[in-house]
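Dear colleague,

Here is the structure that I promised to hand over. Please have a look at it before you read my notes, which follow below.

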Amino acid sequence: MLVLFETAAGYAIFKVLNEKKLQEVDSLWKEFETPEKANKIVKLKHFEKFQDTTEALAASTALVEGKLSKNLKKILKKIVAKDAHEQLAVADAKLGGVIKDKLNLSCIHSPMVTELMRGIRSQIEGLITGLPSREMAAMCLGLAHSLSRYKLKFSPDKVDTMIIQAISLLDDLDKELNNYIMRCREWYGWHFPELGKIITDNLTYCKCVRKVGDRSNFASSDVSDILPEEIEEDVKAAAEISMGTEVSEEDINNIIHLCDQVIEISEYRTQLYDYLKNRMMAIAPNLTVMVGELVGARLIAHAGSLLNLAKHPASTVQLLGAEKALFRALKTKRDTPKFGLIYHASLVGQTNIKNKGKISRMLAAKTALTIRYDALGENTSAEMGAENRLKVETRMRLLEERGIRRISGTGKALARTDKYQNKSEIKVFDPSGDSTLPAVSKKRKIQEVEEQDTEIAVKAKKFKPDMKEERTVEDGEPVKKKKKKKDKEKQAEKEEVLNEEHPTSPTVENTEKKKKKKKKMKDEDED
């Protein structure tokens, strides 16, 4: 049996000396513990060394893709074809199938072959003579770097550093433009303050100031190429009755020079934006379709590179740019933020406030897929981004329609929304419920008290007990009933006695005491 073994330095073909020991797969590793034991199992038959790194890269890429390189084909024809009756052990079953089809050689791939390859790899320095360990390590490292560059396909068009620099410069230009325009409006506003309210566009304002200069020139100058006719008439009318102060020609010249700077920076900004848009479509077309070129460029700049951004999960992509808010929420044990830089995407801006969190989460998940496809994929089309954007849009439409569907019924028909009419009822305050006390003075007269006492006495006379009691004597004989008139007279006598002993109300006693005091006072005065 022959063994085809691929290394970073070249192709090696080994001859198996003892095939019986290969049958014991579990204990095969013991035969490769030392180089001496390994030489008793396999023996190097031929070693074809690579001339340079490019040849090694071409051979390794062919092996990865399951293809047969020209160099390997020549080696197999020269050496293995002589021993065509023997089997060829290969590490890749796909490569074995290609060799069998093209060279008509019987190839084998099994767990026993995998274990044999592992043993040869562990003792490769002892089996291949004339190959130092340092050179082998250098060849492995160089081939690994070359293969990684080939797989990721780094090219000048794929360099994302330009995007990071462009988006940073664009943000800086926006800040400088805002400062310059604010200064220009404030400076020229001392001379012609009404112009700032009439012309709201900043670039048009600067162009108008640069062309006219002093406000007295507005009547004779033609600014129809900058302003529409209606606004031009308003500006000319305001210039005649302006309340601004007079300025010198030197001041006007400085203001015009500032306007030139604003116009130049704004033109350069539009040019830089077009450049950024083209670079984003070349480097990350699917990401650009999903979230736009500005948001996509800011995500790449925040992560450091497109490859670093591709390593982030969807949850991290969703919160990129909101790190401070996230850690503050975790420290204070409050609700964490739902979005970061992805909040400025057009899809998130179109949704309701209630559904922004759901849409941003779904958009971040789809964006993470598109980023990985752009960074690691071979295809440069934007079809995947368009498909994912369509999915997010349909999901957003479903969330918005869910709130206005009927709760009962089939649930497919939309609910009818009637026009809202406000029905207001005017309620008048009722002051009668404020107090439950009668509006009578607290001090009662003596006559009222006497009248109440007489009423109580009359009620007591009219009271008749409903139940008739039978009195029994100790002997048990019932007492005879007396006449009603006698009973009434006795009750009246008892009530009179009670009234004499216990007066009915304390107010009567107070009146009698007062009368006695008055008599005493009169007697003292007479004496």
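Which residues form a nonpolar patch on the surface? They are V159, M162 and Y275, which together have about 240 Å² of accessible area. Areas come from the Shrake-Rupley method with a 1.4 Å probe, and for residues only the protein chains shown count as cover.

Before going further, please note that this is a predicted model, in which local features need pLDDT of at least 70 and side-chain atom pairs count only at pLDDT 80 or more, while totals for chains, interfaces and linings use all residues. Residues are numbered from 1 along each chain as its sequence is written, and side-chain values use heavy atoms, with hydrogens and water left out.

The chain has 23 helices and five strands, which are DSSP runs numbered from the N terminus (helices H or I of at least four residues, strands E of at least two). Of its 527 residues, 31% are buried.

The five strands form an open sheet in the order β3-β2-β1-β4-β5, with mixed pairing, and its edge strands, β3 and β5 (107-108), each pair on one side only. Two strands pair if DSSP finds at least two bridges between them; β2 and β3 are antiparallel over seven bridges, and V16 has V42 in β3 as its bridge partner.

Helix α3 (residues 70-78) has L72, I75 and L76 as its buried residues. These cover an arc of only 95° around the axis, so they are on the same side of α3, the arc being that of the directions from the helix axis to the C-beta atoms. They pack against β1 (2-6), β2 (10-16), β3 (42-49), α2 (53-64), β4 (88-89) and α4 (93-103), where contact means heavy atoms within 4.5 Å. The face of α3 turned away from this buried side carries the exposed residues K70, K74, K77 and K78.

Best regards

Technical notes. Patches are made of residues with over 30% relative accessible area and no salt bridge: like charges are joined within 9 Å, nonpolar side chains (Val, Leu, Ile, Met, Phe, Trp, Tyr) within 5 Å. A salt bridge is a side-chain nitrogen of Lys or Arg within 4 Å of a carboxyl oxygen of Asp or Glu. Buried means under 20% relative accessible area, exposed over 50%, partly exposed in between (1.4 Å probe, protein chains only).
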